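Please keep the sequence and the structure in view while reading the points below.

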Amino acid sequence: MNGKVHPNTPTFVVKEGENVKTTFVNRSLTEHPMHLHGHHMTVLKKNGKAVQTPWMTDTLNVLPGETYEVAFIADNPGMWMDHCHNLDHAATGMILHLMYDHVQPSYEVGTKSGNLPE
């Protein structure tokens, strides 16, 4: 994600009430169902062209070579995971965290903290 593998992906920090736009770009040879916890995304563009009917989702299947522009309202304070829902991909680091600017995480990333992902 953003050229990095978790835990080296930077945390995506938002402000409560902010309208957030982001883009998913799949440069791989496999599909990636991208899942954002705690929010619903509105799909705005596919491959650079506005979609005729924007739709809301919490998971967007991005096929090889596809690009999607999505937006969401930062209306659910916390620290949330955004990851590939092919859990083998997530387990190997296709994860980033979305965090609100006034929220402090209650855990540490990594095995030394006792957090052992499934």
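Among the contacts in the chain with a separation of 6 or more, 68% join residues 24 or more positions apart, a contact being a pair with heavy atoms within 4.5 Å. The model is predicted, so local features need pLDDT of at least 70 and side-chain atom pairs count only at pLDDT 80 or more, whereas totals for chains, interfaces and linings use all residues. Residues are numbered from 1 along each chain as its sequence is written, and side-chain values use heavy atoms, with hydrogens and water left out.

**Overall make-up**

- The chain holds one helix and 10 strands; these are DSSP runs numbered from the N terminus, helices being H or I of at least four residues and strands E of at least two.
- Along the sequence the pattern reads β-β-β-β-β-β-β-β-β-α-β.
- Buried residues, those under 20% relative accessible area with a 1.4 Å probe and protein chains only, make up 31% of the 118 residues.
- The chain exposes about 7600 Å², of which carbon and sulfur atoms supply 52%; the areas come from the Shrake-Rupley method with a 1.4 Å probe.

**The sheet**

- Five strands form an open sheet with mixed pairing, in the order E1-E10-E9-E3-E7; two strands pair if DSSP finds at least two bridges between them.
- Strands E1 (12-14) and E7 (59-62) are at the edges with a single partner strand each, so one side of each has no neighbour in the sheet.
- Strand E9 (residues 79-84) pairs with strand E10 (residues 95-100) in the antiparallel sense over five bridges, and Asp82 has Leu96 in E10 as its bridge partner.

**The nonpolar core**

- A nonpolar core is a set of buried Ala, Val, Leu, Ile, Met, Phe, Trp, Tyr and Cys residues joined through side-chain atoms within 4.5 Å.
- The largest one has 21 residues, of which Phe24, Leu60 and Val70 touch the most other members.
- E10 gives the most to this core, with four residues.
- Leu60 touches residues including Phe24, Trp55, Tyr68 and Val70, not counting residues up to four places away in sequence.

**Backbone features**

- Most residues other than glycine have a negative phi, and most peptide bonds are trans.
- A cis peptide bond, with omega about 15°, joins His6 and Pro7; Pro7 lies in the segment before E1.
- Asn47 is not a glycine, yet has a positive phi of about 55°; Asn47 is in the loop between E4 and strand E5 (49-50).

Note on methods: Buried < 20%, exposed > 50% of the residue type's maximum accessible area, 1.4 Å probe, protein only.
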